[in-house]
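Here is a short report on one protein chain. Look at the sequence and the fold before reading on.

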Amino acid sequence: MLRSLKDLERYVVCATDGDIGSVANFLLDDERWIVRYLIVRTFSPLVLTGRMVLISPISFRQVDWSTQRFHLALTMDKVKNGPSIDVDKPVSRQHERDYSRYYDYPHYWGYTGLWGMGPYPGLLAEGRWSDAPADDAAESVDVRLRSAREVRGYHVQGSDEAIGHIEDFIVDDESWEIRYLVIDTSNWWGGKKVLVAPQWASRISWSESKVYVDLSRQAIKKSPEWNSTTAVNREYETRLYDYYGRPVYWESSDQKSGVSLPHK
């Protein structure tokens with residue numbers, strides 16, 4: 001199912017022996033447009049109240065959408081003793097390696113799949129660190145993960161004029177892939193909210209805080225409006241893809257391969 005990332009903030013995160021804290025933010029993979037980590041603000045004295053910790057979807061045992069709780073296959077003590085993280089600084093690949101080693105998870109990079117060899121994070125939990133191939137090339141690359149709150153507010157530049165700004169993200173709650181950027185156009189023509197798939201963007205400029213899309217303002221203006229009070233369903237997605245004349249991702253053999261955009 002597709003869900004608004006904003007709606008998942010403040011979900012409670014639960015260890016096997018008690019509640020840890022609540023979701024404060026997310027870290028997005030800036031190459032593949034996937035949620036790699038939840039940033040959790042702890043409220044349990046057993047894991048140091050007020051501390052920020054990273055939780056990977058690999059750790060999920062169950063998600064209870066009705067009660068808004070992420071249940072982990074981890075104890076509070078395991079989380080408490082995990083690698084420290086300064087969420088105000090970029091997360092490097094080396095930190096991710098330390099994180100994966102601590103939790104005994106194979107790393108997800110070095111493969112063509114979204115999560116290692118597979119499309120879902122839970123599959124990695126069944127593997128072991130030693131199963132992962134050597135990735136010496138990645139060792140020297142400082143891969144950065146982007147805060148969802150940072151990217152919200154980025155301006156969207158169309159092929160002719162400015163279109164709007166990113167307000168939210170629509171995420172697949174199984175693969176944790178970002179399916180759509182929610183673009184607010186109201187500052188430009190008193191308009192509406194529209195959805196644009198990340199692969200429809202031509203490039204991202206982190207230095208300019210801007211996303212470039214190969215779509216005109218007029219095309220965006222006439223696109224199917226997204227109502228934030230209703231869930232994104234297949235009927236709406238079909239109308240959206242038909243409008244732009246794009247092949248639908250759910251019938252493509254590459255639908256789980258992710259998307260990598262040029263950066264500047």
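A residue counts as buried when its relative accessible area is under 20%, and as exposed when that value is over 50%. Keep in mind that this is a predicted model.

**The whole chain**

The chain has 264 residues, and 52% of them are buried. It holds eight helices and 14 strands. Take the contacts between residues at least 6 apart in sequence: 57% of these join residues at least 24 apart. The accessible surface comes to about 11,900 Å², and carbon and sulfur atoms account for 46% of it.

**The two sides of helix H8**

Helix H8 spans residues 234-244. Which of its residues are buried, and which are exposed on the face turned away?

| Side of H8 | Residues |
|---|---|
| Buried | Tyr236, Glu237, Leu240, Tyr241, Tyr244 |
| Exposed, turned away | Glu235, Asp242 |

Seen down the axis of H8, the buried residues fall within an arc of 130°, so they line one face of the helix. An α-helix has 3.6 residues a turn, so residues three or four places apart point the same way.

What covers the buried residues of H8? The cover includes strands S1 (2-4), S11 (178-184) and S12 (193-196), along with helix H7 (217-221). Just after H8 comes Gly245, with a positive phi of about 65°.

**The core**

The largest nonpolar core has 76 residues. Leu5, Phe169 and Tyr180 have the most contacts inside it. Leaving aside residues up to four places away in sequence, Leu5 touches several partners, among them Phe26, Leu28, Val35, Phe169 and Ile178. Its partners also include Arg152 and Asp168.

Conventions
Residues numbered from 1 in each chain as written. Predicted model: local features only at pLDDT ≥ 70, side-chain atom pairs only at ≥ 80, totals over all residues. Heavy atoms only, no water. Helix = DSSP H or I, 4+ residues; strand = E, 2+ residues; numbered from the N terminus. Buried < 20%, exposed > 50% of the residue type's maximum accessible area, 1.4 Å probe, protein only. Contact = heavy atoms within 4.5 Å. Areas by Shrake-Rupley, 256 points an atom, 1.4 Å probe, with all protein chains shown as cover. Arc of directions from axis to C-beta. Core = buried A, V, L, I, M, F, W, Y, C linked by side-chain atoms within 4.5 Å.
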